[in-house]
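Subject: Structure handover

Hello,

Here is the structure I promised to pass on. Please open it first, then read the notes below it.

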Amino acid sequence: MKKILCLLVVFTLSLTGCSLLRTSGPIVLVDDFDREISLEEPAQRVISLVPAATEILFALEAGDRVVGASEYCNYPEAALEIPRVGGFDGPNLEAIVALEPDLVLAASLHKDAVEGLEGLGIPVLALDPMTLEEIYANIELLARAIGEDKAGKDLVADMKGRLQAVGQALGQLQEDERPLVFYESWYPGIWTAGEDTFISEIITLAGGKNIAWGVSRWTEMQEEDVLVRNPDVIIHGYLDFSMVEPFDQRTGWDVVTAVKEDRIFFVDPDILNRTGPRVVDAVEEIARLIHPDKFE
Amino acid sequence: MVLLSLEAVDFSYGNSFRLEDINLGVERGDFIGIIGPNGSGKSTLIKLMAGYLSPDKGTVCLEGQLLAKLERKAVARKVAVVSQGVQTGFAFTVEEMVRLGRLPHLGRWSNEGPGDAAAVGRALAQTRLEAYRSRLFSRLSGGEAQRVLMAQALAQEPEILLLDEPTAYMDMAFQKEMFTLMARLNQEGITVVAVLHDVNMASLYCKELVALRQGRILIKGNPGEVITRENIEAIFGTAVAISPHPVTNRPQVTMLP
Amino acid sequence: MQRKVKSRAWAYLGLALLLVLVLFVCVAIGSVRIPLSALVKTVFSPLVNALGELFSLPAWQDFGQDVPDTWRTILLRLRLPRVAVAMLAGVALSLAGATMQGLLKNPLADPYILGVSSGAAVGAAAAMLMGLSWNLLGAFAIPAAAFAGGIGSLVMVYSLSRGGGRSVLNMLLAGVAVSTFLGAVLSLLIFFSGQQLQQVVFWMMGGFSGCNWFHFLSILPFLAGGSLVIFWHSRELDALALGDEQAYYMGVDVERVRHRLLWASALLTASAVSVCGLIGFVGLVVPHAMRLIGGPVHRNLLPAAALAGAIFMAVADLLSRVVLAPTELPVGVITALVGGPFFLYLLKKRRVS
């Protein structure tokens, strides 16, 4: 009996010991390009080259850990105070190294910089989420990186909760109750978000149907297809129409329902195009725009 | 009557080359041969006569009018030039090349008429190129190409024909043909001025010779006057023997070993 | 010679008929499937309706009323002007290319060789980046700026080559210098373009999306003027092919003719690039191919190149619309894919023959 008790105590102790070891061991992280890095400790000095990642970190209450950011990190307001380390053309490696980060967050277009940083032994996570699920995964990834796993889970839960609320307000929508939505990011040479993008998902969650079926990713769609598919709603990100012809003036667009009924809406591209926590804001805003009756 | 005249013409090209004090009158019906050593300015003289180069001093006149002031196309209707080494990367046929010679006579929009076709046919016949009509100019031998250029100039139906070494690259038979042609054209009324490297042929066919040396006219006159032992030695700097041609009696130069 | 003239006349007729056929096909086919009957009804209904009014035939008066508005819009207000503009651009680039090949005595020259394309690209990029709200021009700010840039580059070439006398060689060298310089400027602009990068690059890849009747009318006068000048000098272009000196002897005022032809060519190129960006190979391959088929004499070459250029560009645009529908491929990609191998074939043929 004593022997069994002794064994039990040793076994339990060793188990506790193991779990203790696990929580204070290196953090292994895998990014969107299947690159694996490990951090000895949760990151304290993070440089974010991706505006969405900056937003995520601030949402995780870890904005103070962001010691360097790209030109385009403009939300929340506090992010504007963060020292800049590069613009669209590319990150400034020297500036990054000078800030002594223990983690750098990059996007797919920073490939060269990533290789440079790896060579210098600086851990880099490259983010490229294409769907909402992948955005949630990014949030949890970053949360683990800074040692705030719970905050990450909470944030995701909060986002899902808000989306659920939208879903409930919309109710069960039949196919024909979903307005056809056309999202345009440039004209002429119409650029839109294809059916496999997160923007398409946003539109669906907001109770609409993206007319860019058959179109994959970010690419050009032909004008005649837009006309024939006849969207009920047009969403764009143009602050003004100085560089782009207004929809109602375009040849042939007068037959489009969205133009006839003037259901043309501006949505801040910083909200709609960023793969961060504000995608939910986008869903809520668009849902209100296209189903005003459901959100009285 | 004087068709083409050069008076007190000076021309220089950079620091190295100069033509000095050229006085030359070409009358209707002349057949002039320009001879001289390399670098004496023969080609430059032809270019000045054709108006492609402008003299630094002096005047070049066509029918009493300053050549520089005349309209290009009008000049081209009277003066045709056969120059050396014309090349093209384009696949013109012989016929197309010769037809280009009608350019000075054609209006902008008008099509070529029977008169033009006749001129082209005549030019091809005179240069014995009828069988070559569809051949590509760029694939011809040097001598054949020269004949095409001759035909092109003839298609221009000029009053004056200026030639720059027209028999270079030609074998004896064709050389003779060209000279015979030039002589016949001259008999028909065309004034001919030719730069010739072959002094003997020049002596045989030309009515008048102009000898250049180092940019100046050393001597001009009929072949009997120009082709003498002293003159040839002065012009070319080499000792020769002169003998009369067995058939025509014109002076012929024989090189001394 | 008579027989040749007659067979040439038939060849032109054939090309012209082909042009009409291609126009029809390019309007009929597109990303959206529109039945041929709809096209026929749309095209003939004005006539049939009018006749119906005249002779009180109710069936005829109703002819074509059943075609949905959207289809009618797509056919007449989207596709037709687009194909028309494409054809004009094809004519412009082919004629400009033929002219440059003749002027530079190089059958492998193209209309962009003196830097007109670089200038146009810089103009367009600058306009896009400055985001100028050109209230008068609106969406035509970019084509106008591209046009100005293209002409500007020729001005630069002219002033650069003034010193050494404007021989062909000097102009070519000046063209290389200007192209290189403007290319560097363009890179700089792209560097600073930030968010507009996509638009600048896409503009450069070339295409006819969004081309309407206004574009058509805006390039028509330049096309007409430039073409007129070039055709006017077609015999002189032949003479120039033999060299400046020889052309001079045949009565060509070489300097003056060269200036006019260069400006005409630049005008055509700049106007084409302003509506469709940088589409390559057309200006090189079409005149070269027509020269291989019909010979180098410009009185034949130029009309043939113009017709063939229109057909080629319209077909390239059709392919760009259809291959990946509803997505659109840049036309420049199509012309490169077709033009590239064809160009290699032409080179090979030259060497063998």
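Two strands count as paired if DSSP finds at least two bridges between them. With that in hand, here is what turned up. Please keep in mind that this is a predicted model.

Confidence first. The model scores ipTM 0.91 and pTM 0.84. For chain C, the mean pLDDT is 86, and 93% of its residues reach 70 or more.

Chain A, strands β1 and β2

Strand β1 covers residues 27-30 of chain A, and strand β2 covers residues 36-39. The two pair in the antiparallel sense, over four bridges. Val28(A) has its bridge partner in β2(A): Ser38(A). The hairpin has five residues between the strands. Within this hairpin, Asp34(A) takes a positive phi near 60°.

Chain C, helix α4

Helix α4 of chain C runs over residues 69-103. Just after α4(C) comes Lys105(C), which takes a positive phi of about 55°.

Chain C, helix α7

Helix α7 of chain C takes in residues 168-191. Its 24 residues should span 34 Å at 1.5 Å a residue, and its end C-alpha atoms are 34 Å apart, so the two agree. Several residues of α7(C) are buried, among them Met171(C), Ala174(C), Gly175(C) and Val178(C). Leu182(C), Leu186(C) and Leu189(C) are buried too. In general, an α-helix has 3.6 residues a turn, so residues three or four places apart point the same way. What covers the buried residues of α7(C)? The cover includes α5 (116-130) and α6 (141-161) of chain C.

Where chain C meets chain B

The contact takes 22 residues from chain C and 23 residues from chain B. On the side of chain C that touches chain B, the elements giving two or more residues are α10 (234-240) and α11 (244-249) of chain C. α11(C) gives the most to that side, with four residues. The residues on this side of chain C divide into twelve nonpolar, five polar and five charged.

Best wishes

Technical notes. Residues numbered from 1 in each chain as written. Chains lettered and ligands numbered in written order. Predicted model: local features only at pLDDT ≥ 70, side-chain atom pairs only at ≥ 80, totals over all residues. Expected span 1.5 Å × (residues − 1). Contact = placed C-beta atoms within 7 Å. Nonpolar A, V, L, I, M, F, W, Y, C, P; charged D, E, K, R; others polar. pLDDT = per-residue confidence, 0-100. Buried ≥ 20, exposed ≤ 12 C-beta atoms within 10 Å, placed from the backbone.
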